[in-house]
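Take a look at the molecule shown here. We will start at the ligand and then move on to the rings.

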Amino acid sequence: MNVDVIVVGAGPTGLMLAAELGLAGVRAVVVERLAQRGGQSKALGIQPRSAEALALRGLLEPLMDRAIQRVPGGHFAGLRLDYTAWDTRHPYSIGIPQGRVEALLEDRLGELGVQVLRGHEVTALSQDADAVEATLLGPAGEARLTARFLVGCDGGRSTVRELLGVGFPGLDGKLLSVVADITIADPDGAVPETWTLPVMTPDKTGKGYIAPIGDGVHRFLFYGAEQQRLSRDTPITEEEVQRALHNEFGPGVRLTGVRWASRFTDASRQVERYRHGRVLLAGDAAHIHSPMGGQGLNLGLQDAFNLGWKLAGEVAGWAPEGLLDTYHSERHPVGARVLANTRAQAVLIVHDEENLALRDIVEELVRVPEANRIVAGMISGLDVRYDLPGRRHDLLGRRVPDLDLVTPSGPGRVAELLRDGRALLLTTADESAFAEAAEPWSARVGRAHVQAELGADAVLVRPDGHVCWAGSVADVSGLTEALTLWAGAPTPADLPA
Ligand SMILES: Cc1cc2nc3c(=O)[nH]c(=O)nc-3n(C[C@H](O)[C@H](O)[C@H](O)COP(=O)(O)OP(=O)(O)OC[C@H]3O[C@@H](n4cnc5c(N)ncnc54)[C@H](O)[C@@H]3O)c2cc1C
């Protein structure tokens, strides 16, 4: 066995997954086809739930240092959403090009000693009961790499998915859009100089979205009537981009250069199963959809965050039966919900009288606070609640709130206590009873007795920040069950001397 886990693809999903594996001490390698990262960034934004996940590992601050702007709220088909309806420290979208997110994560891998094998493409794979073998094609020719698991994070056209012979059912795209990174001359100041959320109010010409993405470059995304008459492989000319700029901002705005441009559709597809024996799929390799609302990169990061610690448990040998399968059962419904909401958004931005009538009604509805909360929770990822077993508690399956608390060593925050990537037992009362119950798991489950309003005497938090048990000392047997379910059987090495 050369390594424990092969991660295919150094996009945001693969890099995040490798960082989680590296943190847990797993021998992982990332295999990436490109010799170096491409200059373009597809995604431009980080949603609140991803910000929370990054904060759990101390990665949010360095990411904010590289961000361009923080924009309050989010949007649904260009309709504004107020994220403050949710209890979060991050009720905003972070404007940051995807390339900078990837660079940050790759730096993190360097610190953790996880190698990114660039210029190597996975071309074949096989698996048996014990191992998976990948064939890599690199500058020195073909090589084979063996591991216990392989995760295909290799994007929407995933080779891993193809090699598995797995279908990718869903809908073909209906709306054809253009994304272009451009430079402009804007003497009249018609183009916003700061990063704003998209205003995608459809009209006869078709509206788009523009944002400054650093180094004097603007990201321009448009999907007018003209684009709908073209095919996906029609070359994008400067004239087409210029016409779209005029339609949107008037004749004063002049295109001075196109750095990169591409057509994309709102096709939406999802694999039926995320796990195929020793091979798993994550990120765009498992699901694709329209970029509407800015969710794809975020969904991939959160897939990786859900999968990393479970895979690490399998590799280390402590994972209880079925733990790895919860990756599919938890993340597939989340992906399906994003597909559904992007399909709905695609309808709401189509230039047609009936759809515009529907849009007017939805616009009115999302101004109602409770409706805003529902849609904001969906787009931001803050509403994700896993269907976990155990005694019902309001917190069960939800993200743990990042509360201020007082620890024996001083004030702190919940997120700071999860940085080592282990599960965490937070207690606010009956410390010794909970400590006694959890002691046999102390190698895998951190403990902190804190002063805070948790809504329970104790809360067990998984490494991905989701609550898997909450209760009082009367239910300490429930805690033991939850520890066994999520942290495995106590091993002799974990037992107190
Ligand atoms: C125009 C546009 C705008 C978008 N805006 C947003 C946004 O604002 N917010 C958001 O959240 N999402 C957005 N997205 C979606 C987002 O870009 C994707 O969801 C995200 O890139 C998925 O990340 P990934 O790591 O799963 O896959 P990818 O980023 O596609 O990475 C896959 C990697 O695998 C490598 N690879 C492929 N095949 C092989 C192989 N055989 N061997 C080795 N390596 C291989 C590729 O070279 C690539 O580096 C947007 C997408 C588009 C098109």
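Which helix gives the most to the shell around the ligand? Helix 8 does, with three residues. Before going further, note that this is a predicted model, in which local features need pLDDT of at least 70 and side-chain atom pairs count only at pLDDT 80 or more, while totals for chains, interfaces and linings use all residues. Residues are numbered from 1 along each chain as its sequence is written, and side-chain values use heavy atoms, with hydrogens and water left out.

Now for the shell itself. The ligand is surrounded by 31 residues. The closest are Thr 13, Glu 32, Asp 284, Leu 297 and Asn 298. Four elements each supply at least two residues of the shell: helix 1 (12–23), strand 2 (28–32), strand 9 (121–127) and helix 8 (296–316). Helices (H or I, at least four residues) and strands (E, at least two) are DSSP runs, numbered from the N terminus. By class, the shell has 12 nonpolar, 13 polar and six charged residues. Here Asp, Glu, Lys and Arg count as charged; Ala, Val, Leu, Ile, Met, Phe, Trp, Tyr, Cys and Pro as nonpolar; and the others, Gly among them, as polar.

Next, the polar contacts (pairs of N or O atoms within 3.5 Å). An N or O atom in the side chain of Asp 284 is 2.8 Å from an oxygen atom of the ligand. For a polar side-chain atom of Asn 298, the distance to a ligand oxygen is also 2.8 Å. Gly 296 uses a polar backbone atom, 3.2 Å from an oxygen atom of the ligand. Taken alone, the ligand exposes 1,000 Å², and the protein buries 88% of that. These areas come from the Shrake-Rupley method with a 1.4 Å probe.

Turn to the rings. There are five aromatic pairs (ring centres within 6.5 Å; planes under 30 degrees apart are stacked, over 60 edge-to-face, the rest tilted). Phe 220 and Phe 249 form a tilted pair, 6.4 Å centre to centre with 50° between the planes. Phe 220 lies in strand 16 and Phe 249 in helix 7, so the pair ties together parts that are 29 residues apart in sequence. Phe 220 is buried (under 20% relative accessible area), at 0%. Phe 249 also counts as buried, at 18%. Ring pairs link Phe 220, Phe 222 and Phe 249 into a cluster.

Conventions. A residue is near a molecule or strand if one of its heavy atoms lies within 4 Å of it. A polar contact is a pair of N or O atoms within 3.5 Å; within protein, one must be able to donate a hydrogen and the other to accept it, and residues adjacent in sequence count only if both atoms are side-chain atoms. Rings of Phe, Tyr and Trp (its six-membered ring) pair if their centres lie within 6.5 Å; planes under 30 degrees apart count as stacked, over 60 as edge-to-face and the rest as tilted. Buried means under 20% relative accessible area, exposed over 50%, partly exposed in between (1.4 Å probe, protein chains only).
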